[in-house]
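Please open the structure in your viewer and keep the selection tool at hand.

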Amino acid sequence: NLAGNGITMVSRQGLDRVMSEYSFMVSDLVSEETQVDIGELLGADVILIGFINPLKDYDKINIQLINVQTGAVLGGFFLDYILEDGFTRDGSSGIINIQESTVQTRGASTIKTIYENFDGPVTHVNPSHFEEFWGERILDVSAKTGTDEEGYGYLEFEAEFDHLNMLEDWEDSDLTFYLNYKNNWIPSDQDGVTVSVYPEGFSNLLLVLQQHEGDDLKTFLVNLTLNPDEWAHLLIPFDSFKDISGLGDLDFNSPVSIGFGIPFKTNYTNFYFRDELNLESRLLVDDLGFYKLQKPDAGGIIAGFEDEVVRAPAIYEIGGTDLYVDYTETDEGELKQNTGVDWQYLELVPEEDGPAGRFLRLYGQLDINDEIIDYLEDDQELYLVYQLSTGVEWAEFNYLSLLIRSDSFENCYLEIITNGTEQSYSSDFNLNSDWSSIKIPFSDFYSEEGSLAEVPLETNQVWINFIFSIPGNEIEDALDKGSLEFEIDLDQIMLLD
């Protein structure tokens with residue numbers, strides 16, 4: 001069922017004869033060749049076999065898939081089974097190759113990979129770039145796709161600029177590079193998109209789903225902040241994608257294409273793409289497909305860090321380190337560049353042994369100079385933003401809960417915003433260097449129309465902004481060594497009834 005069009009179930013004609021031989025086949029007296037013969041009796045290309053190994057506390061089930069024509073083992077996996085509790089743990093010991101796709105069992109999900117090997121020609125991969133306006137500062141833009149020597153698909157993109165001063169003509173351009181995989185992939189009975197990506201020298205990425213409906217094109221989007229120059233294996237639920245076309249929900253019985261976008265401006269403000277006027281970079285892509293959860297996900301989980309599923313894709317960034325608006329001289333404000341920050345680096349680090357298991361560490365480092373004092377004297381501040389795309393239905397819950405700690409921050413301003421309905425609520429809470437359990441009732445989230453308890457959300461396309469202001473005294477104290485470092489630890493972000 002997970003392989004969709006990749007598998008055709010064979011007829012059960014002659015089933016009585018096959019089953020009478022099957023009872024003998026699973027005994028220790030029958031060879032693998034005889035098992036293959038029985039597969040041929042069914043007219044099958046692939047047969048699934050297995051055995052149960054009783055252990056002290058549980059039974060281990062060993063499952064294999066065999067090619068009927070050759071007898072070769074295509075792959076398999078183990079399941080640990082406890083009678084009272086059912087299947088408690090599973091681990092992959094191989095990949096099942098079936099026609100154009102593969103199926104693999106992991107800890108929390110079963111993955112259907114559409115593109116697993118990019119060595120051969122991939123004819124339906126389209127590179128492109130997008131310009132809302134052509135600014136004079138952009139001299140040339142190009143992009144191409146290919147396969148590198150290790151078998152990864154990639155989008156290689158280039159741009160040439162006449163200068164990199166963001167204050168000159170920046171608003172005239174919105175440059176994004178796109179890589180699109182078009183196919184007749186139908187996400188029926190699947191829970192989300194799985195892919196491995198490697199951003200070379202940048203951190204911000206868009207993951208895009210598109211689906212034709214007549215002459216219209218439905219488009220769904222997820223913004224991601226990744227660690228640069230690291231492979232990231234992503235399993236992102238469909239519910240986390242933002243509808244940016246307003247044409248309705250994803251149709252799970254119609255084909256979708258999966259694409260990626262690399263926005264230049266966002267990465268530039270995060271201190272990437274700044275080395276030369278001639279930009280050259282790549283996004284590597286591997287193991288692209290869909291996944292299915294082994295069991296239904298808990299409805300109240302927004303972000304958990306115990307398995308591989310990224311339930312809440314995140315944007316992680318700092319405000320004010322590059323450009324800011326100064327309102328000290330005019331009501332309209334003046335766009336300025338913060339020359340007090342020379343460089344910044346942000347990283348998301350999974351860590352072990354938190355209060356609820358594995359947790360997420362938000363790490364940051366800023367290189368600063370004496371001009372940061374002028375920035376602070378203009379009544380400006382640096383602030384950290386961690387934004388989550390929740391994809392959870394909020395209507396049946398009454399509290400937002402999380403675990404948090406930090407040596408660097410004492411307060412967090414919290415925003416809940418929606419897509420389409422323009423609803424917005426806010427609250428705040430305190431934190432310290434010890435793990436704190438925060439439980440905020442919906443009645444403490446306020447808007448101009450009333451509290452979240454009084455005026456519920458009208459959509460499940462909800463985003464949470466965690467905003468941490470970096471204390472000015474910490475910035476000044478860090479001037480002596482020229483660098484400011486900070487950490488925030490997060491775990492178990494949930495909705496409770």
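A salt bridge is a side-chain nitrogen of Lys or Arg within 4 Å of a carboxyl oxygen of Asp or Glu. The model is predicted: local features need pLDDT of at least 70, side-chain atom pairs count only at pLDDT 80 or more, and totals for chains, interfaces and linings use all residues. Residues are numbered from 1 along each chain as its sequence is written, and side-chain values use heavy atoms, with hydrogens and water left out.

Select Lys-336 and Asp-326, whose side chains meet in a salt bridge at 2.7 Å, N to O. Lys-336 belongs to strand β22 and Asp-326 to strand β21 (residues 323-326), so that the pair links distant parts of the chain, ten residues apart. Strands (E, at least two residues) are DSSP runs, numbered from the N terminus. Are these two residues buried or partly exposed? Buried means under 20% relative accessible area, exposed means over 50%, and partly exposed lies in between (1.4 Å probe, protein chains only). Lys-336 therefore counts as partly exposed, at 23% relative accessibility, whereas Asp-326 is buried, with a relative accessible area of 1%.

**Second stop: a network of charges**

A search of the whole structure finds twelve salt bridges. Select Glu-351, Arg-361, Arg-405, Glu-487 and Asp-489, which are linked in a network of salt bridges. Glu-351 lies in strand β23 (residues 341-354) and Arg-361 in strand β24 (residues 357-368), so the pair ties together parts that are ten residues apart in sequence. Arg-361 also forms a salt bridge with Glu-487, the closest N and O atoms being 3.6 Å apart. That pair links distant parts of the chain, as Arg-361 is in strand β24 and Glu-487 in strand β33 (residues 483-496), 126 residues apart. Arg-361 is buried, with a relative accessible area of 17%; Glu-351 is partly exposed at 26%, and Glu-487 is partly exposed at 34%.

Next, select Tyr-316 and Tyr-386. How are their rings arranged? Rings of Phe, Tyr and Trp (its six-membered ring) pair if their centres lie within 6.5 Å; planes under 30 degrees apart count as stacked, over 60 as edge-to-face and the rest as tilted. A search of the whole structure finds 19 aromatic pairs. The ring centres of Tyr-316 and Tyr-386 are 6.3 Å apart and their planes stand at 80 degrees, so the pair is edge-to-face. Tyr-316 in strand β20 (residues 314-319) and Tyr-386 in strand β25 (residues 383-389) are 70 residues apart. Both tyrosines, Tyr-316 and Tyr-386, are buried. For an aromatic cluster, select Phe-157, Phe-161, Phe-177, Phe-202, Phe-264, Tyr-268 and Phe-273.

**Last stop: a covered strand**

Finally, select strand β17 (residues 256-263), where eight of eight residues are buried. In a regular strand the side chains alternate between the two faces of the sheet. From β17, Val-256, Ile-258, Phe-260 and Ile-262 point one way, while Ser-257, Gly-259, Gly-261 and Pro-263 point the other way. One of the contacts to display is that of Gln-210, whose bridge partner in β17 is Ser-257.

Notes
Helices (H or I, at least four residues) and strands (E, at least two) are DSSP runs, numbered from the N terminus. Two strands pair if DSSP finds at least two bridges between them.
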